[in-house]
Amino acid sequence: MHLQSSPRRKTGRPLSFDREAALEQAMLTFWRHGYETTSIVDLTTAMQVSAPSLYAAFGDKKQLFLEAVRRYAGDPEVMVSAIDNAPTAFDAARDLLIGAATAYTGEATPKGCLLASATASGSDASADVRHTVAEIRRGIGNHLQARIERDTTQGLLPPHTQAAALAGMVMAHVQGMSVLARDGATRASLLASVDVTLTAWPRRI
């Protein structure tokens with residue numbers, strides 16, 4: 001899925017700061033505090049840049065956030081490829097859940113998921129931002145559903161498998177773990193919950 005890119009910076013004086021390092025700090029700030037509650041002052045302080053430099057390099061707060069989300073989520077084609085090329089839909093779901101549990105409990109990053117925490121609250125002013133984030137989650141769920149349907153067609157899952165509901169269960173657990181991680185849940189406890197959730201996966205008879 002292609003995220004909206006930042007507008008081109010006007011030609012002129014070269015940047016006097018490391019753009020990638022500044023973007024990393026912006027991502028962590030949004031991740032920690034959320035989109036709406038993060039102010040320009042919060043961002044310039046974390047990024048160690050002036051407000052004019054921020055606007056020149058990234059456009060505005062919204063464009064900066066979208067670029068931070070793209071940095072966080074990585075290349076969407078990589079996620080799609082991982083789901084499509086997994087040995088089975090079960091493997092794809094398990095890898096997605098384990099990856100989320102691991103990422104949400106990193107030692108060097110805020111707890112939980114940036115996509116969930118950054119837009120946990122929102123007003124009409126950030127509706128388009130929340131829509132973009134929702135589209136990322138929806139895209140992952142849709143690809144997982146398609147993979148489940150493929151396995152069902154190939155006889156790897158029972159013919160009555162409800163692909164949409166099964167993919168929804170996985171995505172709900174992914175988002176739920178973000179909340180638990182922010183509440184202080186350990187990686188071990190999240191991984192244990194993944195094991196329990198996967199016991200609901202339908203098996204071929």
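Tutor: Let us begin with Ser178, which is found in helix H9 (residues 163-182), a helix being a DSSP run of H or I with at least four residues, numbered from the N terminus. This is a predicted model, in which local features need pLDDT of at least 70 and side-chain atom pairs count only at pLDDT 80 or more, while totals for chains, interfaces and linings use all residues. Residues are numbered from 1 along each chain as its sequence is written, and side-chain values use heavy atoms, with hydrogens and water left out.

Student: What makes Ser178 buried or exposed?

Tutor: Buried means under 20% relative accessible area, exposed means over 50%, and partly exposed lies in between, with a 1.4 Å probe and protein chains only. Ser178 has a relative accessible area of 2%, and therefore counts as buried.

Student: Which residues is Ser178 in contact with, leaving aside its neighbours within four places in sequence?

Tutor: With those neighbours left aside, Ser178 is in contact with Tyr104, Gly112, Cys113 and Ala116, where contact means heavy atoms within 4.5 Å.

Student: How do you know whether Met177 counts as buried or exposed?

Tutor: Met177 also has its place in helix H9, and its relative accessibility is 1%, so Met177 counts as buried. Leaving aside its neighbours within four places in sequence, Met177 is in contact with residues including Leu97, Ala100, Leu190 and Val194. The C-alpha atoms of Met177 and Thr105 are separated by 9.7 Å, although these residues are 72 apart along the chain.

Student: Why are H4 and H8 called roughly parallel to each other?

Tutor: The axes of helix H4 (residues 61-73) and helix H8 (residues 127-153) come within 11 Å and cross at roughly 10°. Such axes are lines fitted to C-alpha atoms, for helices over the stretch in contact, and angles run from 0 to 180 degrees between N-to-C directions. Angles under 35 degrees count as roughly parallel, over 145 as roughly antiparallel, 65 to 115 as roughly perpendicular and the rest as oblique. H4 and H8 are therefore roughly parallel to each other.

Student: Which residues of H4 and H8 meet?

Tutor: Lys62, Phe65, Leu66 and Val69 in H4 meet Asp128, Val129, Thr132, Val133 and Ile136 in H8. By class, this contact of H4 with H8 has 6 nonpolar, 1 polar and 2 charged residues, given that Ala, Val, Leu, Ile, Met, Phe, Trp, Tyr, Cys and Pro count as nonpolar, Asp, Glu, Lys and Arg as charged, and the others, Gly among them, as polar.

Student: What puts the buried residues of H3 on the same side?

Tutor: In helix H3 (residues 51-58), Leu54, Ala57 and Phe58 are buried. They cover an arc of only 75° around the axis, which puts them on the same side of H3, the arc being that of the directions from the helix axis to the C-beta atoms. These buried residues of H3 pack against helix H1 (19-33), helix H2 (40-47) and H4.

Student: What puts the buried residues of H2 on the same side?

Tutor: In H2, Leu43, Thr44 and Met47 are buried. They cover an arc of only 95° around the axis, and are therefore on the same side of H2. On the other side of H2, Val41 and Thr45 are exposed, whereas the cover of the buried residues of H2 includes H1, H3 and H4.

Note on methods: Helices (H or I, at least four residues) and strands (E, at least two) are DSSP runs, numbered from the N terminus.
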